[in-house]
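Dear colleague,

Here is the structure I said I would pass on. My notes on it follow below.

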Amino acid sequence: MDGSSGNRLGSVKWKLAYGTWNVQGLNARFSEVVAEIERARLDLVVLTETMKKGSGSNTEGNYWHFFQQSEQG
């Protein structure tokens, strides 16, 4: 803290680009989805209907994908 203000974070402002996408199956298309996310310059994306089984995570480039199969799925 520099003592110039009472705010430890200062006046930093963040812009977050986010979106949602119903991908209707992701297994073979993950790199295609990542390419589209990069093209749109999104920071955070919620993917629905990925059809992934179980739960876990994987990575592609600079992106993490966390998934959890629904009770119905």
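The largest pocket holds about 500 Å³ of space. A pocket here is an open set of points, on a 1 Å grid over the protein atoms alone, where a 1.4 Å probe fits and protein lies on both sides within 12 Å along at least five of seven lines. Its volume is the space filled by probe spheres set on the points, which are joined across faces, edges and corners. The model is a predicted one: local features need pLDDT of at least 70, side-chain atom pairs count only at pLDDT 80 or more, and totals for chains, interfaces and linings use all residues. Residues are numbered from 1 along each chain as its sequence is written, and side-chain values use heavy atoms, with hydrogens and water left out.

The lining of the largest pocket consists of 25 residues, where a lining residue has an atom within 4 Å of a point. L47, T50, H65, F66 and F67 lie nearest the centre of the pocket. Two or more lining residues come from each of α1 (30-40), β2 (44-48) and β4 (63-68). Of the elements, β4 gives the most, with six residues. By type, the lining divides into 13 nonpolar, eight polar and four charged residues. Nonpolar covers Ala, Val, Leu, Ile, Met, Phe, Trp, Tyr, Cys and Pro; charged covers Asp, Glu, Lys and Arg; the others, Gly among them, are polar.

As for the fold, the protein has one helix and four strands, and the pattern along the sequence is β-α-β-β-β. Helices (H or I, at least four residues) and strands (E, at least two) are DSSP runs, numbered from the N terminus. Of the 73 residues in the protein, 18% are buried. Buried means under 20% relative accessible area, exposed over 50%, and partly exposed in between (1.4 Å probe, protein chains only).

Strand β1 spans residues 18-22 and includes Y18. With a relative accessible area of 63%, Y18 is exposed. L16, Y18 and L44 make a nonpolar surface patch of about 370 Å². Patches are made of residues with over 30% relative accessible area and no salt bridge; nonpolar side chains (Val, Leu, Ile, Met, Phe, Trp, Tyr) are joined within 5 Å, like charges within 9 Å. The areas come from the Shrake-Rupley method with a 1.4 Å probe, and for residues only the protein chains shown count as cover.

W21 is also placed in strand β1, and is partly exposed at 28%. The C-alpha atoms of W21 and V46 are separated by 6.3 Å, although the two residues are 25 apart along the chain.

One salt bridge is found in the whole structure, taking a salt bridge as a side-chain nitrogen of Lys or Arg within 4 Å of a carboxyl oxygen of Asp or Glu. The salt bridge joins the side chains of E36 and R39, at 2.6 Å from N to O. These two residues are three apart in helix α1, so about one helical turn separates them. E36 is partly exposed at 32% relative accessibility, while R39 is exposed at 60%.

Most residues other than glycine have a negative phi. E49 is partly exposed, at 44% relative accessibility. M51, which lies in the loop between β2 and β3, has a positive phi of about 65° and is not a glycine either.

Regards
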